[in-house]
Amino acid sequence: MSTSNSEPRPIVAYVASLELMKASSLLPSNKNRSTLVHTLARSLGLFAPDFSLTRTIALVPPQSAGFAELNSYHTKEYLDFVLDPKNMTTDSEDASKTEFGLEDDCPMFEGLPDYVRLVGGASLTAVKMLRNPRCDVAICWDGGRHHAQKSHASGFCYVADCTLALMALRRFTEPSPSGETSRKMRTMYLDLDLHFSDGVSHAFHKTSNTSNSPHLLTFSIHHAAPGFFPASPLANLPTPDDDPFSLSLPLKQGASNRTFARVWNCVERVHAAFDPDFIVLQCGVDGLAGDPCAIFNWSLGPEEGSLGWCINRVINEWRGKKLLLGGGGYDSPNAARAWAYVTSIALGNPLSIDTQIPDHPYFPLYAPSFILEVPAGNMQDQNSEDYLHTIDKAFDDVVATIARRMTE
Ligand SMILES: [Zn+2]
């Protein structure tokens, strides 16, 4: 595709600032990851105005979210506690910590109030950028906190930025009361993180029941097994009695490019039946090989079924505007590799997977390969042909139901 000189290139909004990077780097589960992510992206030249001939990047500092914005989903009680710096000291009330989930894997830390405001605000800033007619992709790698709940931190997530972003998108895509002729805008939330998107899926579960033409569909591809976080009945394969707009596709251990290539067909069929105008893509990268979670055996790219291949389909083959969010990913250099690669895809100039990591302050952390690729390992893929067939059958019914509901 060629863009004439007179026509301005579409914008990719990349939400980042020093303040956000510092706040996000304090997250106990992902110490310093944000710094690695944005520093690698810069050192690879992704922020240069001439990086791509087809799209241009706009670095956008996040607006810190106000109480009212956060309160559009989170409860006042949770926010009063989590936003009060006095509560970040170790001697704060234990009963409240338990009530709000601020213990175990979600400890309070100095800087948490700023973190919540900035990360919540960063994803909302990305949504605002999509209102610009020239902006068709917005990126917020510090967001994607898909386990956070209304009044409870969970699974390293303190702020429900995905849910807040979906609610904000809904507000600006809502047809005006007099606009009977305009079709209701639809948003598809697709979650590629290793873990089930319980916070987001629960927030919107069954909201489609009250609507003739549902506007939001959530779809999470993840690992599910007894004892694996997070336990939820919504994390299982859909049955005909379930809400067809709250979907899960659980995979077994060792899921590789081959398995993802195979199940991607289900994603495409759901996408075609729902035909969304906006895609919110949670790009958690804890399913990549080499992650300390060590469950999936996914590679970065560009082979069919790889993470990069899947995300490229969404960005470049699906119509509509896309919001890309981060998520899990506990090998920080690999998370930086993945999100730099995805950013280059979003910019329409995908980096070669063999690209050398440039010399920059964190260069030694990219040993021993010092290249962009996150290759698959030797783990056996336990997603058998029988199981993949079961998935196909479950989605045959779901796709038919969605198609019927959308034409009612
Ligand atoms: Zn995860």
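Predicted model: local features only at pLDDT ≥ 70, side-chain atom pairs only at ≥ 80, totals over all residues.
View 1. Zoom in on Ala338 and, leaving aside its neighbours within four places in sequence, you'll find it in contact with Val285, Leu288, Leu300, Leu307, Gly329 and Val374.

**View 2. The open sheet of eight strands.** Reading across, the order is β2-β1-β3-β8-β7-β4-β5-β6, and the pairing is parallel. The edges belong to β2 (56-60) and β6 (246-251), each of which pairs on one side only. Going from one strand to the next, the twist averages 15°. Helix α9 packs on this sheet, where it touches β4, β5 and β6. The direction of α9 makes about 175° with that of β6.

**View 3. Strand β8 and its two partners.** Is β8 (residues 321-325) enclosed or open? Five of its five residues are buried, so the strand is largely enclosed by the rest of the structure. In a regular strand, side chains alternate between the two faces of the sheet. Here, Lys321, Leu323 and Leu325 point one way from β8, while Lys322 and Leu324 point the other way. Note that the two lysines, Lys321 and Lys322, are buried along with the leucines. On one pairing, β3 (residues 135-140) runs parallel to β8 and is joined to it by four bridges; Ala138 stands opposite Leu323 there. On the other, β7 (residues 278-282) pairs with β8 in the parallel sense over five bridges, and Leu281 stands opposite Leu324.

**View 4. Strands β4 and β5 side by side.** Strand β4 (residues 187-191) and strand β5 (residues 216-223) pair in the parallel sense, with five bridges between them. To get your bearings, find Leu190, whose bridge partner in β5 is Phe219.

**View 5. Helix α9 against helix α12.** Two packed helices are described by the angle between their axes and the distance between the axes. For α9 (residues 257-274) and α12 (residues 385-406), the axes come within 8 Å and cross at roughly 10°. That makes α9 roughly parallel to α12, because angles under 35 degrees count as roughly parallel. From α9, the contact is made by Thr259, Arg262, Val263, Cys266, Arg269, Val270, Ala273 and Phe274. From α12 come Leu388, Ile391, Asp392, Phe395, Val398, Val399, Ile402, Ala403 and Met406. What kinds of residue make up the contact of α9 with α12? They divide into 13 nonpolar, one polar and three charged.

**View 6. Two cis peptide bonds in loops.** Most peptide bonds are trans. The bond from Phe229 to Pro230, though, is cis, with omega near -10°; Pro230 sits in the loop between β5 and β6. Another cis bond runs from Gly301 to Pro302, with omega near -5°. You'll find Pro302 in the loop between β7 and α10 (307-317).

**View 7. Asn32 and Phe156, each with a positive phi.** Most residues other than glycine have a negative phi. Asn32 has a phi near 70° and belongs to the loop between α1 and α2 (33-43). Is Asn32 buried or partly exposed? With 16 other C-beta atoms within 10 Å, Asn32 is partly exposed. Phe156 has a phi near 65° and lies in the loop between β3 and α7 (161-173). There are 19 other C-beta atoms within 10 Å of Phe156, so this residue is partly exposed; the cut-off for buried is 20 or more.

View 8. Lys22 is found in helix α1 (residues 18-24). Because Lys22 has 15 C-beta neighbours inside 10 Å, it counts as partly exposed.

Notes. Residues numbered from 1 in each chain as written. Axes fitted to C-alpha atoms, helices over the stretch in contact; angles between N-to-C directions. Parallel < 35°, antiparallel > 145°, perpendicular 65-115°, else oblique. Contact = placed C-beta atoms within 7 Å. Nonpolar A, V, L, I, M, F, W, Y, C, P; charged D, E, K, R; others polar. Buried ≥ 20, exposed ≤ 12 C-beta atoms within 10 Å, placed from the backbone. Pairing = 2+ DSSP bridges.
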